[in-house]
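User: Hi, I'm new to this one. Can you walk me through it?

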Amino acid sequence: MAQEQEDLKQVLDDINARLQEKEAAEDELTEEFLEQIVTEIKAVLEKDASFTDARFALVYVYGHLSKYDEAMAELDIIKENGEDDERWEMMHKELENMMFEMDEEEGENISGMLPEVAGLLEGGGVTEKFVEALTEVFNRFDADKDEILSDAELNEFHKVVNGTPIDEVTVEFLKSNCESTEKGITLKGFISFYVAQTAGEPDETWKDLGNLGYNKDLNRI
């Protein structure tokens, strides 16, 4: 049994390596390639449905394919299995982010679908004070002032809001699903992440803002 699990882990490692190789080479992650990866990960899960890392990998690929319902369904299974850790929280928020983003190719702005969260999301959009606060936070942690949050800067931010360093898997997921450059997360990507989090878990956003020194009126204290 242990050998079978080790073999499945090796298969998943090989799949992840191929994904990372494509991304590192800036090759296009074609639908055909991603669908093949889905098939391979599902084959792994058929042999061990409790293999959480394989489910997280499937969520990641479904996100690239814009198959958000399928991705959320996999996250639900992970949660039912009691594996809803920090990685689960970050992926859940980012999927919400992707679902709320503007479809620029079709020119469809779906911001009107945002729920009402007093002080943060109002009238189908993001309040000016919330944007100002997020911009101040972004600039505060952008130590080298290059208008990008690097991995190291993102780690410092994460330690303030969550009390722990950020793990590599979460960093890569954020960089893949928020607007970013090869150096890190942009201000737009940072704001869109918080819009998605606020839409799904406003209490979490208020907690973060409190840890960052903001009160309920979005004034620094």
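User: What is the handedness of the crossing of α3 and α4?
Analyst: The crossing of α3 and α4 is left-handed. That is, the near helix is turned anticlockwise from the far one by less than a right angle; clockwise would be right-handed. Keep in mind that this is a predicted model, where local features need pLDDT of at least 70, side-chain atom pairs count only at pLDDT 80 or more, and totals for chains, interfaces and linings use all residues. Residues are numbered from 1 along each chain as its sequence is written, and side-chain values use heavy atoms, with hydrogens and water left out.

User: What angle do α3 and α4 pack at, and how far apart are their axes?
Analyst: The angle is about 160 degrees, and the axes are 8 Å apart. Helix α3 covers residues 52-64 and helix α4 covers residues 68-80. Axes are lines fitted to C-alpha atoms, for helices over the stretch in contact, and angles run from 0 to 180 degrees between N-to-C directions.

User: Which way do α3 and α4 run relative to each other?
Analyst: They are roughly antiparallel. The cut-offs are under 35 degrees for roughly parallel, over 145 for roughly antiparallel, 65 to 115 for roughly perpendicular, and oblique for the rest.

User: Which residues meet there?
Analyst: From α3, they include Phe-56, Leu-58 and Val-59. From α4, they include Leu-75, Ile-77 and Ile-78. Contact means heavy atoms within 4.5 Å. By class, the contact of α3 with α4 has 9 nonpolar, 2 polar and 3 charged residues. Here Ala, Val, Leu, Ile, Met, Phe, Trp, Tyr, Cys and Pro count as nonpolar, Asp, Glu, Lys and Arg as charged, and the others, Gly among them, as polar.

User: Zooming out, how many helices and strands are there?
Analyst: The protein has 10 helices and 4 strands. Helices (H or I, at least four residues) and strands (E, at least two) are DSSP runs, numbered from the N terminus.

User: And what share of the residues is buried?
Analyst: Of the 221 residues, 43% count as buried. Buried means under 20% relative accessible area, exposed over 50%, and partly exposed in between (1.4 Å probe, protein chains only).

User: Back to helices. How do α9 and α10 cross?
Analyst: Their axes come within 5 Å and cross at roughly 125 degrees. The two helices are therefore oblique to each other. Tyr-194 and Gln-197 are among the α9 residues in the contact, and Pro-202 and Glu-204 among those of α10. The classes are 2 nonpolar, 4 polar and 2 charged.

User: Is Val-137 buried or exposed?
Analyst: Val-137 is buried, with a relative accessible area of 1%. Its place is in helix α6.

User: What does Val-137 touch?
Analyst: Leaving out residues up to four places away in sequence, Val-137 touches Phe-157, Phe-190, Leu-212 and Tyr-214. Val-137 and Leu-209 are 72 residues apart in sequence, yet 9.1 Å apart in space, C-alpha to C-alpha.

User: What about Thr-170, buried or exposed?
Analyst: Thr-170 is buried, at 2% relative accessible area. Thr-170 is found in helix α8, residues 168-177. Glu-86, Arg-87 and Met-90 touch Thr-170, not counting residues up to four places away in sequence.

User: Now the loop between α6 and α7. What is phi of Lys-145?
Analyst: Phi of Lys-145 is near 55 degrees, a positive value in a residue other than glycine. Lys-145 lies in that loop and counts as exposed, at 55% relative accessibility.

User: Where is Glu-147?
Analyst: Glu-147 lies in the loop between α6 and α7. Its phi is near 65 degrees, again positive in a residue other than glycine. Glu-147 counts as exposed at 62% relative accessibility.
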